[in-house]
Amino acid sequence: MTIAIVGRRPAAWAPRIDGPRGRAFVSLVREAPTSAPAAAPRRGFAWSQATIVAYLATIMFVALSIFLPGFLSPNNLINLVRNVAVLGILGIGMATVVIGRGIDLSMVPIMAVSVALLFVLVSNGVATPLAVLLAAGAALLCGAANGALIAYVEIPPLFTTLAMGTMALGLGQYFVFSNVSVIAPTAIGWLSELGGGKVAGVPISVFLLLAIAAVAHLFLNYTYSGRYIFAIGDNPSAARNGGVPVRPLIVVHYAIVALLAFFAGLIMATAVNEMNTRIVYSTLPYDVILVVVIGGVGLSGGRGGVHNVLVGTLLIGVLSNGMTIMNLSYTNQKIIQSMVLLLAIVIDGILNPRDEQTSQQGDI
Amino acid sequence: MLRHLFLAGMTAAAFAGVSAPAAALDDPTRAPYYEAFKGKTVAYLPITMAANITASWAAGVKRSLEPLGVKFVIRDGNFNIDATAQAITGLIDQKVDVLIVQNTDVQAFAKLYKKAQQAGIYVVQMGMQSVVQTDGYAGPDWSSLGEKMAAAAIAKCGAGTGKSGKVALVQGAVTSANGIFVTQAIEAAFQSHPEMKIVTNQGSDWDPSKAHAIASTTLQQNPDLCAFMGYWEDEDQGIVAAVKEGGKTGEVFVMSSGIGEQKSCDMVSNGSFDLYYDYDSRIVAQQIVDTISSLLQSRPKAGTMKALQVTPLVEMTKASVTSQSCWSAADYVGNTLK
């Protein structure tokens, strides 16, 4: 499989991909940009789910800025993004999988176990670079196994990754760590900057989120492999018949996503000097799917992009930051958060009703 | 000659006299003691086994009871309340003799405890109690921990200190005994100290990342914050990281508590935790054993005895911590649970 840069995406593609219910359209032959981009889908774009969520986030942002002293301070805003950076990175990985009509429930377990493995290796005297390679390799292996089972054995991704997540955690608990919290050894050195470091007053994790978002956006939109993922998500059989190397691509895709999970875990763990493997039992695995879906990436595959994830992540970030400042209790935070998310889905349901044309096989 | 014979006879008789009663002398406590334990089954149900706190309790209890002929079984709840509930139901059917349970929250398992005791099974709670009192509880008195923390906060941040009096409570699970009783005690103590203000009171669900998010946001909002009151050493790592990032180490007073492992001593020595309360796991394990031991020996009707074993809270500060203050769970557990 090669990842080739195609060059700038023809303008004619854009509305079809970004449209609310538009299908990802993959042409294996480059089309000449048309002089007049289609106007109709742009109207629809104004009210896509991503837009609705963006408006909701903006309304909340403005309201909090007015009514909550200290919310608008630059430091708080940096803080806000930093606190959702890991969620965002995991969300971007998940989004690419969902666009390819898959789902990866093993991201959080793989993240927890691979980082715990890294810490344990370093604690036992393995040199940090070698330990990073080994831990990343373990994550990669889990991801590739996911992909192979999905692509070649044809087990649905939901079951494959659910089982892989449980297995990774079980193996980790048996062989790697005995305590839910694995403390970061001081010997990891510069690695701790990933989560704890700052450049020009901005946490490095914020830059990493933006960098990964940019790379993922370019990958999805400007490489053959990225476009193929849309094709697979839209119609796997058609993609295969059209010459897309569906199976190898799925294997590589899940492997890369597992690597991304390892990376997100590094940021999460080095921020607090500890990998809390209990995170697997938290709401994080669902939150990751949530920011993907709430942002407007359809679970049926073939549509969406990085901007959807960022919008969803920001909504969660604004909400939880505002509620923490207001000192709302944990339970109330959860209630309000779920109500806002439901509201976003209801508005989308009203503005973009599902019908035979817009619903897709596999829609959940 | 006769005299010699007589003396010899007397001596022999004397020796016989000494030795004969010695053979008959018996320790009346010994046999019933071993009898009380022999063939009994004790089931251990922690929230998770993948934690040093529960692993060290288990190791301590197992090491004490197994040599007495007790069958020690572990049912790992793995953070799943239903799994523990099912395990309890199963163990009641199997008619085990003692259940040792760690409560996820104060309401959990209340009905099952009643059912177990009706079936004649002793229920000993450990670490975090439920609102239902059973045959025994071994672990810290959380209200007392809250009172101590509140007193420390008042001394550090209250009237006359020139500080803001603002404190942040970063709880673990808000529905656990730890969350409820510590918080209640702190709030009660602050009633008579209007200068003390709780600016944040939130649960982190034992997650250091969530604690980190709460702590960093709180610091951002309250640059004059005086103290963080953390509820559990693992999650409090997030508080420490946030304080460090904000450049507030030494300025904001950080409190924590836990089982007093070496890493906690290190955190106290390097100034990450300004005040730490230790409830040593090895003591809790012994208290669980003591409770079970007295239950099995005196055999009261299940549900009639309400024995409490309160673990002492040892205060640690940079000044008081020594090389002997802490211990290693890995060494203590060893191969016991393998």
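Which domains does the domain assignment give for chain B? There are two of them in this predicted model: domain 1 takes in 31-140 + 281-312, and domain 2 covers 142-278. Their C-alpha centres are 31 Å apart, and where domain 1 and domain 2 of chain B touch, ten residues come from each.

Let's go through the sheets of chain B. One is an open sheet of six strands, ordered 2-1-3-4-5-11, with parallel pairing. At its edges sit strand 2 (71-74) and strand 11 (307-310) of chain B, each of which pairs on one side only. Ignoring direction, neighbouring strands here are turned by 15° against each other on average. For a look inside, take strand 1 (residues 41-45) and strand 3 (residues 98-101) of chain B, a parallel pair held over four bridges. B:Val42 has B:Val98 in strand 3 of chain B as its bridge partner. Helix 4 (residues 81-93) of chain B packs on this sheet, where it touches strand 1 and strand 3 of chain B, and its direction makes about 170° with that of strand 1.

Most residues other than glycine have a negative phi. B:Phe109 is also buried, with 24 other C-beta atoms within 10 Å.

Chain B has another open sheet of six strands, in the order 7-6-8-9-10-12, and here the pairing is mixed. Strand 7 (197-203) and strand 12 (314-316) of chain B are at the edges with a single partner strand each, so one side of each has no neighbour in the sheet. The twist from one strand to the next averages 15°.

With strand 9 of chain B it pairs in the parallel sense over four bridges, and B:Ser256 has B:Tyr276 in strand 10 as its bridge partner. With strand 12 of chain B, strand 10 runs antiparallel, joined by three bridges; there B:Asp278 stands opposite B:Val314. Helix 9 (residues 233-245) of chain B packs on the sheet too, touching strand 6 (166-171), strand 8 (227-230) and strand 9 (253-258), and its direction makes about 165° with that of strand 9 of chain B. Back on strand 10 of chain B, which way do the side chains of B:Leu275, B:Tyr276, B:Tyr277 and B:Asp278 point? B:Leu275 and B:Tyr277 point one way, B:Tyr276 and B:Asp278 the other, and all are buried.

There is another positive phi to look at in chain B. B:Asp205 has a phi of about 55° although it is not a glycine, and its place is the loop between strand 7 and helix 8 of chain B. B:Asp205 counts as partly exposed, with 19 C-beta neighbours inside 10 Å.

Now for the partner chain. Chain A has 16 helices and four strands, and 51% of its 364 residues are buried. Of the contacts in chain A with a separation of 6 or more, 79% are between residues 24 or more positions apart. The mean pLDDT of chain A is 84, with 84% of its residues at 70 or more. Take care with residues 1-45 of chain A, though: pLDDT stays under 50 there, and the model has 69 contacts beyond four places in sequence for this stretch.

How do the chains meet? In all, 30 residues of chain B are in contact with 28 residues of chain A. On the chain B side, the elements giving two or more residues are helix 3 (52-65), strand 7, helix 8 (208-221) and helix 9. Helix 8 of chain B has the largest share, with nine residues.

Finally, the largest nonpolar core holds 215 residues, and those touching the most other members are A:Val115, A:Ala261, A:Phe262, B:Leu99, B:Ile100, B:Phe228 and B:Ile288. Helix 13 (residues 246-272) of chain A gives the largest share, 19 residues. Domain 1 and domain 2 of chain B both contribute residues, so this core lies between them. Leaving aside neighbours within four places in sequence, A:Val115 has contacts that include A:Phe262, A:Leu266 and A:Met275.

Methods: Residues are numbered from 1 along each chain as its sequence is written. Chains are lettered from A and ligands numbered from 1 in the order in which they are written. This is a predicted model: local features need pLDDT of at least 70, side-chain atom pairs count only at pLDDT 80 or more; totals for chains, interfaces and linings use all residues. A nonpolar core is a set of buried Ala, Val, Leu, Ile, Met, Phe, Trp, Tyr and Cys residues joined through C-beta atoms within 7 Å. A residue is buried if 20 or more other C-beta atoms lie within 10 Å of its own, exposed if 12 or fewer, and partly exposed in between; C-beta atoms are placed from the backbone. Domain bounds come from an automatic or database domain assignment. Two residues are in contact if their C-beta atoms, placed from the backbone, lie within 7 Å. pLDDT is the predictor's confidence in each residue, from 0 to 100. Two strands pair if DSSP finds at least two bridges between them. Axes are lines fitted to C-alpha atoms, for helices over the stretch in contact, and angles run from 0 to 180 degrees between N-to-C directions.
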